[in-house]
Amino acid sequence: MDIDEGRVDDNDINMDMDEHPRQPSPQPNDAEFVGPGDYLYQNYHVDLDGRPCDVDGVFLPPGTPPPPPENVVTDDWTPFCNRSEFETAEFLYTRNQMAAGQIDHLLYLWASTLTKHNDKPPFGDHRDLYNVIDSSPFGDVKWQNFTVAYDGERLADNIKPWMVKSVVRNMLANPTYAKYSTEGDKQQWKDFMLGDWAWDQADEIAKDPSTLGSMFVPVILGSDKTMVSVGTGNNEYYPLYASIGNIHNSVQRAHRNGVAVIGFLAMPKTTNEHAEEPAFRKFYQQLFHLSLSKILNSLKPGMTTPEVTQFGDGHYRRVIYGLGPYIADYEEQVFLACIVRNWCPKCVANRDNLDEDALHRSCDHTEALIEEAPNLDGDLWDDFGIVKELVPFTNNFPRADIYQMISPDILHQLVKGTFKDHLVAWVEKYLRHTHCKRKAEKIMDDIDRSDFLKWHGFKQWTRDDSKALMKVYLPAIEGHVPTDVVRAFHALLDFAYLVRRNIITEDSLLEIEDALVRFHHYREIFRTTGHSLVHYVRNIRLFVALNGLCSSIMENKHIKAVKEPWRRSSRYKVLEGKKRAQSVPALADELNIPCLPDLLGQFLFQQVHPDDPRDPSDVPLAECPLYLSKISVFNSASSRFYAPSDLSGIGGMRVEYIRSCPSWRNEHSRHDFACIRTFFSFQYRGEVYSCAVIHWFDKVSDTADEDTGMWIVRPGYRANNSPEHAVIHLDAIYRAAHLIPVYGTEFLPRELKFYDSYDAF
């Protein structure tokens, strides 16, 4: 295990180096030595020291250089034809992130300048560009998916393999992570591998002689829901991220390739009526754990048996994987710990008195409680906040304790939680309770003017903005609130700045504990809690500087991993569906309207003889033109009409897009107008006709409904009970009309889908 900072560890002085037999491999530097300040230093774990090996896992003699890199032809730009083509693709797709339509337009202009030279641009259109990029033999791991279905008592377990191991290996092979340094003469908690948790894991792994000389690679996980659109679509995604503990915290915070999205978790939906039911919540939580278990399953063999992989310095090493900290906000911590909301995921302090001293949670303790539950006087739910029916995903992996793995979240716990949701909200309540409404608003306006921000309406709490916002709020409230309130804010700010340091020392830990004591003393005036803060010192010792394990890393990663790809996509599921009809008889079969050729003949008679007074249905078919040739079917059309109630358009004009297609987003049919079955066009005697196949609706009465003021209609039928269809010109569509079912007083069937509503009523 490579370590990039010196670590003082008095407990390692008398380590028994002969406890397990091992292959001799002298090191260029001693594992332990006495350095500056007359302290004992340890460069690396004496058993898991990450010794270089060959591709077969055989350790190399000291000083052996890494194998030479594969010979790569410098002018090989596969799958691109040349460097110019590669740089064009890289500029359009990566740097500019140009939309598909704009790529097509640019390539069209480019082609127009090359035609006279009998040449062409590197790509024909955006599809050609994407196909070449997708054909590259290099790059990230390809995406896979698995399906989980509810089937009574258990979930389906026919799950495909996943890709986490390949992502981790890509990180280990990145040469930018291969640099290490040693500085200072005090114990420091900076990068993850300096923490007690990593060393404790290494000690446990080293008990197996087959792992000696390997390198421990902890996988850091994190998940956080994100919204990519609000209102229209309300699209949410649930990305799962991974990093490794062997890289510097600064690399993780810099949002480079040290953090990668490895999956998207399922978000089961239900009605508002059932969303808070215990049965649904338990199903959701267990699905969450089962999904994590399946996604991470490819790592499991390498958690006990060393696997050989190549590193950024060119050497191969034997590695042992392990599950490291999990970064999550409180709601996800409840899911992860399988506990009841409002209980602490780190200790068993009662939710009614979180300030009491309590034991830390552990898997062994929880399993013992569940096993002894029938013999206990109380209830696990009420006394310990344990949901005994749930099984955490960590139960399927060695050396994994979910309660220890849950990492403090500075952004949600400290900044958004304790500071914003508790203290700032309490100040506003205090002002409204102490003063009349007008004066309270005046004071809050003064606070806003003091910090030059609309503080109580500020919603963005990410990156370094939060530091600045917390700093300017303290002087703004002074003089408006009691002194103890100001001192409580002062103590919390000291705590926040200390735990966000890049390097934390023993002196820093003492300062953190002092700030926490002061905060607990002065916060009594708030009558609020800040329980999660009591676990920070212990977690710093376990996981070192916590700014490398903050959810702000994931929230910033959302932009590249989720939001930008979504904005560049169609923002919907791909609309392909089946191939539409290309002739009148074929369209008649597709729509199940056998008389469609006759209806089209009547339409053509009306178009050719506009002055004929007869109704088209009264014209003998023998007089009507017969057209059975090629047609073009469309899934949508636009209608432009005058809307006096909506003057947002020029002169009150409005445009609506009408969709009528058999497969919308590869799922169900969509008909924006109930009466329109489809759109098509054709050419007859040199004239192009744009038409719609419609199903007429009849009014139930001559007046609108007295109660709702709405007209009631029903589908029209002919004398022989066949639907009354017709072919009309698109210009005959006057304007949109909102058609909704007459629901009645009965509840709708749960199985009824919105896209079936026109057929069901």
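Q: In this predicted model, what percentage of the residues in the protein chain is buried?
A: The protein chain has 761 residues. A residue counts as buried when its relative accessible area is under 20%. The buried share of the chain is 43%.

Q: How many helices and how many strands are there in the protein chain?
A: Helices and strands are both found in the protein chain.

Q: Of the contacts in the protein chain with a separation of 6 or more, what percentage is accounted for by residues 24 or more positions apart?
A: A contact here means heavy atoms within 4.5 Å. Among contacts with a separation of 6 or more, residues 24 or more positions apart account for 66%.

Q: Is threonine 88 buried or exposed?
A: Threonine 88 lies in helix H1, which spans residues 83-95. Leaving aside residues up to four places away in sequence, threonine 88 touches Trp110, Pro122 and Phe123. Because its relative accessibility is 14%, threonine 88 counts as buried.

Q: Which residue meets arginine 518 in a salt bridge at 3.0 Å, N to O?
A: Side chains of opposite charge can pair when their charged atoms come close. The partner of arginine 518 in this salt bridge is aspartate 494.

Q: Which helices hold arginine 518 and aspartate 494, a pair that links distant parts of the chain?
A: The two residues of the pair are 24 residues apart. Arginine 518 counts as partly exposed at 25% relative accessibility, and aspartate 494 counts as partly exposed at 26%. Arginine 518 is in helix H16 (residues 506-522), and aspartate 494 is in helix H15 (residues 483-499).

Q: What is the N to O distance in the salt bridge between aspartate 612 and arginine 614?
A: Aspartate 612 counts as partly exposed at 24% relative accessibility. Arginine 614 also counts as partly exposed, at 35% relative accessibility. Their side chains meet in a salt bridge with an N to O distance of 3.0 Å.

Q: Which residues gather with Asp364 in a patch of negative charge on the surface?
A: Aspartate 364 is found in helix H9, residues 363-372. At 62% relative accessibility, aspartate 364 counts as exposed. Gathered with Asp364 in the patch are Glu367, Glu371 and Glu372.

Q: How far apart in space are serine 681 and leucine 730, C-alpha to C-alpha?
A: Serine 681 is found in strand S19 (residues 676-684) and counts as buried at 14% relative accessibility. Not counting residues up to four places away in sequence, serine 681 touches Ile631, Ser632, Phe634, Tyr689 and Ser690. Serine 681 and leucine 730 are 49 residues apart in sequence, and their C-alpha to C-alpha distance is 9.8 Å.

Note on methods: Residues numbered from 1 in each chain as written. Predicted model: local features only at pLDDT ≥ 70, side-chain atom pairs only at ≥ 80, totals over all residues. Heavy atoms only, no water. Patch = residues over 30% accessible without salt bridge, like charges linked within 9 Å, V, L, I, M, F, W, Y side chains within 5 Å. Areas by Shrake-Rupley, 256 points an atom, 1.4 Å probe, with all protein chains shown as cover. Salt bridge = Lys/Arg side-chain N within 4 Å of Asp/Glu carboxyl O. Lys, Arg positive; Asp, Glu negative; His and termini not counted. Charge placed at Lys NZ, Arg CZ, Asp CG, Glu CD. Helix = DSSP H or I, 4+ residues; strand = E, 2+ residues; numbered from the N terminus. Buried < 20%, exposed > 50% of the residue type's maximum accessible area, 1.4 Å probe, protein only.
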